[in-house]
Amino acid sequence: MIVRLKSSSPHYPELSASQPYFVIGIEANDFRILNDKGKPYLYPLDLFDVIDAQHPPDWVTEFGTDGEQYSYPASLNVPGFFEDFFDQKPEQTSTFWHVLNQTLSKAA
């Protein structure tokens, strides 16, 4: 899935309106995107126009009790994964970059 920021915002200086972004996952209807600073943060989906809506075939998709979507590659679809990643735990850090590199190489 590829998205583009609708317009620049002072609330999100780490995103560029001219830059397409590959969606790493969807969490409670927010897009997880590798921003311009190289951080995989969550952003509200209404900030973006969808350029390519195709989800990678290896994503696991679930829906919460209020219908919110959660979609990630299987190895990132683990409760607490990104908390551990941001705590710089070696296993999650390695797994994240491995999955991201594989995914981007397939998309190229």
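How many cavities of 30 Å³ or more does a search of the whole structure find? The search finds one. A cavity is here a set of points, on a 1 Å grid over the protein atoms alone, where a 1.4 Å probe fits but cannot get out, and lining residues have an atom within 4 Å of a point. The structure is a predicted model, in which local features need pLDDT of at least 70 and side-chain atom pairs count only at pLDDT 80 or more, while totals for chains, interfaces and linings use all residues. Residues are numbered from 1 along each chain as its sequence is written, and side-chain values use heavy atoms, with hydrogens and water left out.

The largest cavity has a volume of about 40 Å³, a volume being the space filled by probe spheres set on grid points that are joined across faces, edges and corners. Its lining consists of Phe 22, Val 23, Ile 24, Trp 59, Pro 73, Leu 76, Val 99, Leu 100 and Thr 103. Eight residues of the lining are nonpolar, one is polar and none is charged, where Ala, Val, Leu, Ile, Met, Phe, Trp, Tyr, Cys and Pro count as nonpolar, Asp, Glu, Lys and Arg as charged, and the others, Gly among them, as polar.

Strand E2 (residues 20-27) pairs with strand E3 (residues 30-34) in the antiparallel sense over four bridges, pairing being assigned if DSSP finds at least two bridges between two strands. Gly 25 stands opposite Arg 32 in E3. The two strands form a hairpin with two residues between them, and Ala 28 in the turn has a positive phi of about 55°. E3 also runs antiparallel to strand E4 (residues 40-44), to which five bridges join it, and Arg 32 faces Leu 42 in E4. In this second hairpin five residues separate E3 and E4, with a positive phi of about 80° at Gly 38 in the turn.

The largest nonpolar core comprises 13 residues, of which Val 3, Val 23, Phe 31, Ile 33 and Phe 48 touch the most other members. Such a core is a set of buried Ala, Val, Leu, Ile, Met, Phe, Trp, Tyr and Cys residues joined through side-chain atoms within 4.5 Å, buried meaning under 20% relative accessible area, exposed over 50% and partly exposed in between (1.4 Å probe, protein chains only). Strand E1 (2-5), E2 and E3 are the elements that give two or more residues to this core, and the largest share, three residues, comes from E2. Apart from this core lies another, of nine residues, among them Leu 76, Phe 85, Val 99 and Leu 100. Beyond its neighbours within four places in sequence, Phe 48 is in contact with residues including Val 3, Leu 15, Tyr 21, Phe 31 and Ile 33 (contact meaning heavy atoms within 4.5 Å).

Ala 74 is found in the loop between E7 and H1 and is partly exposed, with a relative accessible area of 48%. Not counting residues up to four places away in sequence, Ala 74 touches Asp 58 and Val 60. The C-alpha atoms of Ala 74 and Trp 59 are separated by 6.1 Å, although these residues lie 15 apart along the chain.

Definitions and conventions
1 Å grid on protein atoms, 1.4 Å probe; cavity = no way out; pocket = protein on both sides within 12 Å on 5 of 7 lines; lining within 4 Å.
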